[in-house]
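Hi everyone, thanks for making time today. Please have a look at the structure on the screen, and I'll walk you through a few spots in it.

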Amino acid sequence: MGKVYVFDHPLIQHKLTYIRDEKTGTKEFRELVDEVAALMAYEITRELPTEEVMVKTPVTEAKSKVLSGKKLGLVPILRAGLGMTDGILKLIPAAKVGHVGLYRDPETLQPVEYYVKLPPDIEEREFIVIDPMLATGGSAVEAINSLKKRGAKNIKMMCLIAAPEGVELLNEAHPDVDIYIAGLDEKLNEKGYIVPGLGDAGDRLYGTK
């Protein structure tokens, strides 16, 4: 089974509280999501490999460390996943960005792929799939299916909040995918919304209803 990491860092938890607050407006919500995504990226990249290089400081030469060239790919699930992407790119500007677009079939209620654009060197990259909310888990499972059938081998899932039902479904469907979240919530309600949640992330990011 994939591991589930819940980030309990005080800054992440503080900002997540204001993201949840219904009084937080679109501009502030967008800024907070951006900030939390950057803080989560700091943690999710903790195990990236490094190598030693020589650097000339103003004083002398010294051995120092740089990333050893592991290629990263960010894949936001459209559209809400876009709201977290810039925050991650601030820390990892060399990462390539792909996109996965899904819509819900009105009859089956299952997610259906309508758009996929990924970097060309898929098999060489470690991908981080990004969506603010892991609710039922259906969209995340389908997005990861889309990556795997195109050759992706190394995938992580990154969300602001998740319901236990979504975590369980994703773990069952993709036991090789670790899940990184800022908050593990109580449950889904009868409409499929995360409780206590934060409402609809896309609507709150972009001021729509």
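Let's start on the surface, where Val4, Val6 and Leu184 form a nonpolar patch. Together these three residues have about 220 Å² of accessible area. Val6 sits in strand β1, which covers residues 4-6, and Val6 is partly exposed, at a relative accessible area of 41%. Please keep in mind that this is a predicted model.

Now, on to Asp185. Is Asp185 buried or exposed? Asp185 is buried, with a relative accessible area of 7%. You'll find Asp185 in the loop between β11 (178-184) and β12 (187-188). Its side chain makes a polar contact of 2.7 Å with the side chain of Arg20, and the Asp185 side chain also reaches the backbone nitrogen of Gly197 at 2.9 Å. Leaving aside residues up to four places away in sequence, Asp185 touches several others, among them Ile161, Pro164 and Val195.

Another buried residue is Ser146, with a relative accessible area of 0%. Ser146 belongs to helix α4, residues 138-148. A polar contact of 2.6 Å links the Ser146 side chain to that of Glu113.

Next, helix α1, which runs over residues 10-20. Which residues of α1 are buried? They are Ile12, Lys15, Leu16 and Ile19. These four cover an arc of only 110° around the axis, so they lie on the same side of α1. As a reminder, an α-helix has 3.6 residues a turn, so residues three or four places apart point the same way. The buried residues of α1 pack against α2 (26-44), β10 (154-162), β11 and α6 (201-206).

Finally, charges. How many salt bridges does the structure hold? The count is 15. One of them joins Lys23 and Asp21, with the closest N and O atoms 3.5 Å apart; Lys23 is exposed at 70% relative accessibility, while Asp21 is partly exposed at 24%. Another pairs Arg46 with Glu43, with 3.2 Å between the closest N and O atoms.

I'd also like to show you Lys71 and Glu124, a salt bridge with its closest N and O atoms 3.1 Å apart. Lys71 lies in strand β4 and Glu124 in the loop between β7 and β8, so the pair ties together parts that are 53 residues apart in sequence. Through shared partners, salt bridges join Lys71, Asp121, Glu124 and Arg125 into one network.

How values were computed:
Residues numbered from 1 in each chain as written. Predicted model: local features only at pLDDT ≥ 70, side-chain atom pairs only at ≥ 80, totals over all residues. Heavy atoms only, no water. Patch = residues over 30% accessible without salt bridge, like charges linked within 9 Å, V, L, I, M, F, W, Y side chains within 5 Å. Areas by Shrake-Rupley, 256 points an atom, 1.4 Å probe, with all protein chains shown as cover. Salt bridge = Lys/Arg side-chain N within 4 Å of Asp/Glu carboxyl O. Helix = DSSP H or I, 4+ residues; strand = E, 2+ residues; numbered from the N terminus. Buried < 20%, exposed > 50% of the residue type's maximum accessible area, 1.4 Å probe, protein only. Polar contact = N/O pair within 3.5 Å; in protein donor to acceptor, adjacent residues only side chain to side chain. Contact = heavy atoms within 4.5 Å. Arc of directions from axis to C-beta.
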